[in-house]
Amino acid sequence: MNFPSPFPMHILIVTPHLLQGSTLSAALKRNNFSSLVVSPLSLSHHSHFETDGIVFPHTLIKEQWAFIEVFLKSISSRTPIIFFDSSERKHFQGKTSSSLLKQCIFMNESIALSQLPFFIHEIVQKSSPQKAMQVGQISLDRISRSVSFKEKTIELSRKEFFLLELFLLNSGRTISREYIIDYVWDKRDFVAQNTIDVYISRLRKKFAPVSQTPIIRTIPCLGYQMDLQ
């Protein structure tokens, strides 16, 4: 599965196991990411690094954290930091680096290599509100979370915004209910059967005053599709 993202994404993979890190890098490349694999010790040579997300796929030893803490404090507060081992949370507790917790994601369960690019893509997409998106006559600004259609401002709630963003990223494609739940809601949340229908209905109503036809179509047994033609 390739992600139709209008923004190129770069991922920094930090691991002492460079060969396994290269395997993850190859999986990301197949899904339209660029990436760089570095060892924790080499971070001392990078005082500043532009990246959309940082991934730590392996458990790190105490000696490596001296380099990592300094490096993480130099990155943007918008950059998500993804740890594949939830036990790494202990390194952020009771320290000056605890302020970084708000941008850290700790995985509590193993995910197959084939699914990791999807998982990382979703986190970066939500956590890095960069640039504006224009699809047809819909404009979406990820920084201000503002939306306009035919130059008319559309007020959306947080979940409505993420739902619209998902449709814009997949304009013309059918999106399953499962995909919507994974993107808009935390996968640990319980989502009632009719919740998605309610939010789809809300989006349709908010665009109805400036759209002659519904912007989102229901595809029986498959999901939903946005068609801006």
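Residues are numbered from 1 along each chain as its sequence is written, and side-chain values use heavy atoms, with hydrogens and water left out. In this predicted model, local features need pLDDT of at least 70 and side-chain atom pairs count only at pLDDT 80 or more, whereas totals for chains, interfaces and linings use all residues.

The chain has six helices and twelve strands; these are DSSP runs numbered from the N terminus, with helices (H or I) of at least four residues and strands (E) of at least two. Of its 229 residues, 46% count as buried, where buried means under 20% relative accessible area, exposed over 50%, and partly exposed in between (1.4 Å probe, protein chains only). Contact denotes heavy atoms within 4.5 Å. Among contacts in the chain with a separation of 6 or more, 63% involve residues 24 or more positions apart.

Helix H1 (residues 18–29) contains twelve residues and reaches 16 Å from its first C-alpha to its last, close to the 16 Å expected at 1.5 Å a residue; the expected span is 1.5 Å times one less than the number of residues. The buried residues of H1 are Gly21, Leu24, Ser25, Ala27 and Leu28. They cover an arc of only 160 degrees around the axis, which puts them on the same side of H1, the arc being that of the directions from the helix axis to the C-beta atoms. An α-helix has 3.6 residues a turn, so residues three or four places apart point the same way. The buried residues of H1 pack against strand S1 (9–14), strand S2 (33–38), strand S3 (53–56) and helix H3 (116–127). On the other side of H1, Leu19 and Lys29 are exposed.

Helix H3 also packs with helix H5 (residues 177–184): their axes come within 10 Å and cross at roughly 50 degrees. Axes are lines fitted to C-alpha atoms, for helices over the stretch in contact, and angles run from 0 to 180 degrees between N-to-C directions. By class, the contact has four nonpolar, one polar and three charged residues; Ala, Val, Leu, Ile, Met, Phe, Trp, Tyr, Cys and Pro count as nonpolar, Asp, Glu, Lys and Arg as charged, and the others, Gly among them, as polar. Within H5, Tyr179, Ile180, Tyr183 and Val184 are buried. They span an arc of only 110 degrees around the axis, which places them on the same side of H5. The buried residues of H5 pack against H3, H4, strand S10 (174–175), H6 and S12.

Helix H4 (residues 158–169) and helix H6 (residues 195–207) pack at an angle of about 85 degrees, with their axes 10 Å apart. The two helices are therefore roughly perpendicular to each other. Lys159, Glu160, Leu163, Leu164 and Phe167 of H4 form the contact with Tyr199, Ile200, Arg202, Leu203, Lys206 and Phe207 of H6. Seven of these residues are nonpolar, none polar and four charged.

Glu165, which lies in H4, counts as buried at 1% relative accessibility. Leaving aside neighbours within four places in sequence, Glu165 is in contact with Gln125, Met133, Leu140, Arg142 and Tyr183. Gly223, in strand S12 (residues 223–226), likewise counts as buried, at 6% relative accessibility. Not counting residues up to four places away in sequence, Gly223 touches Thr174, Ile175, Ser176, Arg217 and Thr218. Gly223 and Arg173 are 50 residues apart in sequence and 9.9 Å apart in space, C-alpha to C-alpha.

Most residues other than glycine have a negative phi, and most peptide bonds are trans. Glu151 has a positive phi, near 65 degrees, and is found in the loop between strand S8 (146–149) and strand S9 (152–154). At 83% relative accessibility, Glu151 counts as exposed. Cys221 has a positive phi of about 70 degrees and is placed in the loop between strand S11 (216–219) and S12. With 86% relative accessibility, Cys221 counts as exposed.

Conventions: Parallel < 35°, antiparallel > 145°, perpendicular 65-115°, else oblique.
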